[in-house]
Amino acid sequence: MKKNIPWLIGIGLLLLSCAIFLLLRKTGSGQLARIFADGVCIREIDLSAVTEPYTFSVETAYGVNEILVTPGDICVTHSDCPDQICVRSGSPRDKGLPIVCLPHRLVIQLENAPGGLDSITG
Amino acid sequence: MKRVLAAILFVLLLCGCAAGPSYQKVTFLAMDTVMTVNACGTDLPDAEQLVKSLEKKLSVTDPESEIFRLNRDKTASVSTQTLNLLETALALCERTGGALDITIYPALTAWGFTTESKHVPEASQIAALLPLIDYRKVQVDGSRISLPEGVMLDLGSVAKGYTGDVLIAALKESGVTSACLNLGGNVQVIGGKTDGSPWQIGVQDPHSDDVLGVLALRDQAAVTSGAYQRNFIGEDGNTYGHILDPETGYPADSGLAGVTVVGNCGVLCDGLSTALFVMGLDDAIRLWKSSRDFEAVFVNEDGSIAITEGLRDQFTLRQTGRELTVILR
């Protein structure tokens, strides 16, 4: 019996490391949205943890964008930029492309492209 | 006891292998678009700095750039990088019979595509500009470039592809063997993913907000051109795309809604995606049949899809009910 103890410990550690590995993978699967202002990440939101919709504003030297966060999704609802492309582009989940407000140098990007994709050409 | 230690070391080693080097993702705005570099490695080169130094040379609007000075003074000595790109672009203009033309800028300006005031110009204005659109008028003498009066150069149709190639080279030099770059919709990858599988790259459907299909890529670039990008609705209610036909000075109307070009070289894919979109399906297929350095996904205006046979094992359709044809050599 004593002979087997080192092996039992080894197998136990192996199972433990597998469990940790799988757990880490699982926690990384939440949909994370990152908001960049002038190239700097100013906020991270785990969209899968959102239960109630809410809005907030991002004010930079270039202007103001109002952002709506709903369970699993994010979009720009108002902006005082001239082209309004960020408002019209809707959710980044649809196209998998980031929301970009070039005049305000604001980018909203999802950590993972939808549908198990790594990136999207378009 | 020795055995216990050996077992612990073995498990730790396994854990270390499973973790491996991690991906580092950076996002920044440059060249009027958003760029993301996702690379696996340590001591990675500063991608943003690299792109911005290229933009400083290639921008058509920055008064300090080499291209701006060339357009203003009609003659200028340019850096090796700008010269390399210019010569590659001119060769692509020639290869595509002028469907790609890097002297289209005066027409783009007339349409307001270079500003926020997009509009349909007078037909007489376009007609007057057409003689100025001819890449063969660009004179290259060593590193000195000269343009006739009125002719203007814009490397926008190839700059992002070239930038991708420069970034890929820099990443490989620092030992990166797995990376995925998205430079405003141009995707370029190094190797496959660290789990050994290829990168899964969605192709945007020009007709909807969905992904049309998926390309499995390793060490390749995929660049898309389409009328749905940066378009505008004129006072006449018609939609005008930003890709102009150098022959007419009007938005390309070739029957294609989008083209994705896949190949080993970013600048080639970038220039060709524009050119194939302009020339239309039949001419594009002819060019593909006489070439060996690219493959393509074509989306027709009627929604049907055609892929070249080299992509048969790399492209998977994501939408049901869409007609898919494989073009054979």
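**View 1. Helix 7 packs against helix 8 in chain B.** In this predicted model, helix 7 (residues 156–173) and helix 8 (residues 266–279) of chain B pack at an angle of about 160°, with their axes 7 Å apart. Axes are lines fitted to C-alpha atoms, for helices over the stretch in contact, and angles run from 0 to 180 degrees between N-to-C directions. Helices (H or I, at least four residues) and strands (E, at least two) are DSSP runs, numbered from the N terminus. Helix 7 and helix 8 of chain B are therefore roughly antiparallel to each other (under 35 degrees counts as roughly parallel, over 145 as roughly antiparallel, 65 to 115 as roughly perpendicular and the rest as oblique). The crossing of helix 7 and helix 8 of chain B is right-handed; that term means the near helix is turned clockwise from the far one by less than a right angle, and left-handed means anticlockwise.

Residues are numbered from 1 along each chain as its sequence is written, and chains are lettered from A and ligands numbered from 1 in the order in which they are written. Local features need pLDDT of at least 70, side-chain atom pairs count only at pLDDT 80 or more, and totals for chains, interfaces and linings use all residues; side-chain values use heavy atoms, with hydrogens and water left out.

**View 2. One cavity lies in the structure.** The structure holds one cavity of 30 Å³ or more. The largest cavity has a volume of about 40 Å³. On a 1 Å grid over the protein atoms alone, a cavity is a set of points where a 1.4 Å probe fits but cannot get out, a pocket is an open set with protein on both sides within 12 Å along at least five of seven lines, and lining residues have an atom within 4 Å of a point. Grid points are joined across faces, edges and corners, and a volume is the space filled by probe spheres set on the points. Among the lining residues of the largest cavity are B:Val203, B:Pro206, B:Thr224, B:Tyr228 and B:Val297. Strand 8 (199–204), strand 13 (256–263) and strand 14 (295–300) of chain B each supply at least two residues of this lining. Strand 13 of chain B gives the most, with three residues. By class, the lining has six nonpolar, four polar and no charged residues (Ala, Val, Leu, Ile, Met, Phe, Trp, Tyr, Cys and Pro count as nonpolar, Asp, Glu, Lys and Arg as charged, and the others, Gly among them, as polar).

**View 3. The second largest pocket is lined by residues of chain B, including B:Tyr228.** About 250 Å³ of space lies in this pocket. Of its 15 lining residues, B:Ala227, B:Tyr228, B:Thr239, B:Gly241 and B:Glu301 are the closest to its centre. Strand 12 (239–240) and strand 13 of chain B are the elements that give two or more residues to the lining. The lining has nine nonpolar, four polar and two charged residues.

**View 4. Four strands of chain A form an open sheet.** The strand order is 2-1-7-6, and the pairing is antiparallel. Two strands pair if DSSP finds at least two bridges between them. Strand 2 (40–46) and strand 6 (99–101) of chain A stand at the edges, each with a single partner strand, so one side of each has no neighbour in the sheet. The twist averages 15° from one strand to the next. Strand 1 (residues 32–37) and strand 7 (residues 106–110) of chain A are joined by five bridges. A:Ala33 stands opposite A:Leu110 in strand 7.

**View 5. Three strands of chain B form an open sheet.** The order is 3-5-4, with antiparallel pairing. Strand 3 (75–77) and strand 4 (139–141) of chain B are at the edges, each with a single partner strand, so one side of each is left without a neighbour in the sheet. Neighbouring strands are turned by 20° against each other on average, direction ignored. Three bridges join strand 4 to strand 5 (residues 144–146) of chain B. B:Asp141 has B:Arg144 as its bridge partner in strand 5.
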